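Me: I would like to go through this protein step by step. Please show me the sequence and the structure.

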Amino acid sequence: LDDEPPLATPEERLEFLKHSIAFTESNIRAYDTKSQIAMAAFVVSMNPLWSILSSTCTDVASRPIVAVLLCAFIATIMGYCFVLWPIKPLDDLVRNIRTKGLFYLHDPKTASSTFVSKLQELSVEPELTAEVLKLSFIRARKGRRLKYALWATGAFYTFVFITFLMVRHCG
């Protein structure tokens, strides 16, 4: 029965987990970077849009629709900021994995007295597995947030187009 692939050795599993952590961390950083770049481009794009609206009608700033447009603009910016907002992984995510929580110390002052003794009893594979699960959760959540921010951007530009159609005759 040589059809079955060989099982991974403990060293191979640890190497796989380390690569998974590095890959997931780089994905999280990429989502943050994409959000920052998209937010900057979005903010800069408002200047020509405002110029177009102002050129169609000189009193466009006094119209109530522009106040709604401004609220939508701010809400879209907040959507991009929400991508950057920290995410706390679910506690239930690693409930069944025997970890000591030593990969990331929440309070180093209180952990300093017991850290060395806990480190000596540490099993590396469960710790790295728990970290991969936590980072994967964060990556999925940030990806979803970025997608929502991009949809909000599209909705905002649609709203700008509708606003332009509403104020184009200045009447």
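Me: Which pattern does the protein follow, read along the sequence?
Reply: This is a predicted model, where local features need pLDDT of at least 70, side-chain atom pairs count only at pLDDT 80 or more, and totals for chains, interfaces and linings use all residues. Residues are numbered from 1 along each chain as its sequence is written, and side-chain values use heavy atoms, with hydrogens and water left out. Helices (H or I, at least four residues) and strands (E, at least two) are DSSP runs, numbered from the N terminus. The protein has 5 helices and 0 strands, and its pattern is α-α-α-α-α.

Me: At roughly what angle do the axes of helix α1 and helix α2 cross?
Reply: Axes are lines fitted to C-alpha atoms, for helices over the stretch in contact, and angles run from 0 to 180 degrees between N-to-C directions. Helix α1 covers residues 10-56 and helix α2 residues 64-84. Their axes come within 8 Å and cross at roughly 165°.

Me: Is α1 roughly parallel or roughly antiparallel to α2?
Reply: Angles under 35 degrees count as roughly parallel, over 145 as roughly antiparallel, 65 to 115 as roughly perpendicular and the rest as oblique. The axes cross at roughly 165°. Therefore α1 is to α2 roughly antiparallel.

Me: What share of the residues in the protein is buried?
Reply: Buried means under 20% relative accessible area, exposed over 50%, and partly exposed in between (1.4 Å probe, protein chains only). The protein has 171 residues. The buried share is 28%.
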